[in-house]
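Please examine the sequence and the structure before reading each solution.

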Amino acid sequence: MTRPVTAEPAARPEPPALRPVVARVAALNLGYFGIEIAVALAIGSVALIADSLDFLEDAAINLLIFAGLSWSARNRARLGTAMAFILLVPALATAYAAYEKFADFVPPSALPLTLTGLGALAVNLTCALMLARHRSGSGSLTRAAYLSARNDAYANLAIIAAGLVTALHPSPWPDLVAAAGIAVLNADSAADIFRAAAAERRAAAK
């Protein structure tokens with residue numbers, strides 16, 4: 001007996017403003033990645049390395065969202081799952097950078113660390129505000145973009161605090177603690193996006 005073919009659910013119409021928003025967010029993230037990674041390597045900051053990788057990751061996520069907005073709910077759920085894995089990459093890279101830091105255990109320069117964190121915070125708050133009105137519009141996709149920008153803003157506050165503490169008490173530890181916090185935020189966001197993608201898959205199967 002031939003099994004009936006079940007039509008895949010059609011993609012939900014998206015707000016017309018969403019596609020250019022994610023394109024602008026991707027461009028902002030890519031631009032600041034270049035700035036932050038240059039400063040991170042110059043001053044030896046693990047936290048800035050982790051945050052710069054977040055900017056690169058966010059650029060990739062928003063470009064994937066740009067491509068996937070017109071996909072069906074089932075395929076968007078699959079893409080959301082893939083992006084949850086992408087969110088784990090900076091956490092692993094941060095762990096490696098922290099390991100390398102113990103071989104050269106000197107504090108990063110406090111002023112560039114603080115100023116770069118302030119610039120990153122401005123970029124991420126801008127991106128989060130741009131994405132906030134769309135954060136529930138496409139399930140795991142726009143939720144991934146919004147959570148990334150929001151969590152990066154929290155990470156930037158940790159970097160700024162690390163820079164201020166380092167200025168008062170020169171030590172590599174504030175930078176390493178901030179880097180660890182960024183890794184934890186990424187892992188938490190990945191779990192959240194996994195849950196959103198699983199909910200989409202269940203809705204698509206009905």
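**Exercise 1.** Within what distance do the axes of α1 and α4 come, and at roughly what angle do they cross?

*Solution.* The model is predicted: local features need pLDDT of at least 70, side-chain atom pairs count only at pLDDT 80 or more, and totals for chains, interfaces and linings use all residues. Residues are numbered from 1 along each chain as its sequence is written, and side-chain values use heavy atoms, with hydrogens and water left out.

Step 1. Axes are lines fitted to C-alpha atoms, for helices over the stretch in contact, with angles from 0 to 180 degrees between N-to-C directions. The axes of α1 and α4 come within 10 Å and cross at roughly 170°.

Step 2. Angles over 145 degrees count as roughly antiparallel, those under 35 as roughly parallel, 65 to 115 as roughly perpendicular and the rest as oblique. Therefore α1 and α4 are roughly antiparallel to each other.

Step 3. Contact means heavy atoms within 4.5 Å. Residues making the contact include Val25, Leu28 and Tyr32 of α1, and Ala120, Cys127 and Leu131 of α4.

Step 4. The residues of this contact divide into 14 nonpolar, five polar and two charged. Here Ala, Val, Leu, Ile, Met, Phe, Trp, Tyr, Cys and Pro count as nonpolar, Asp, Glu, Lys and Arg as charged, and the others, Gly among them, as polar.

**Exercise 2.** Which residues of the largest nonpolar core touch the most other members?

*Solution.* Step 1. A nonpolar core is a set of buried (under 20% relative accessible area, 1.4 Å probe, protein chains only) Ala, Val, Leu, Ile, Met, Phe, Trp, Tyr and Cys residues joined through side-chain atoms within 4.5 Å.

Step 1. Among the 19 residues of the largest core, Val25, Phe55 and Leu131 touch the most other members. At least two residues each come from α1 (18–43), α2 (46–68), α4 (110–132) and α5 (140–168), and α1 gives the largest share, seven residues.

Step 2. Beyond its neighbours within four places in sequence, Val25 is in contact with Asn62, Cys127, Met130 and Leu131. A second, separate core of 17 residues includes Ile43, Ala47, Leu113 and Ala155.

**Exercise 3.** Is Ala40 buried or exposed?

*Solution.* Step 1. Ala40 is found in helix α1, a helix being a DSSP run (H or I) of at least four residues, numbered from the N terminus.

Step 1. Its relative accessibility is 1%, so Ala40 counts as buried.

Step 2. Apart from neighbours within four places in sequence, Ala40 is in contact with Ser45, Leu48 and Ile49.

Methods: Buried means under 20% relative accessible area, exposed over 50%, partly exposed in between (1.4 Å probe, protein chains only).
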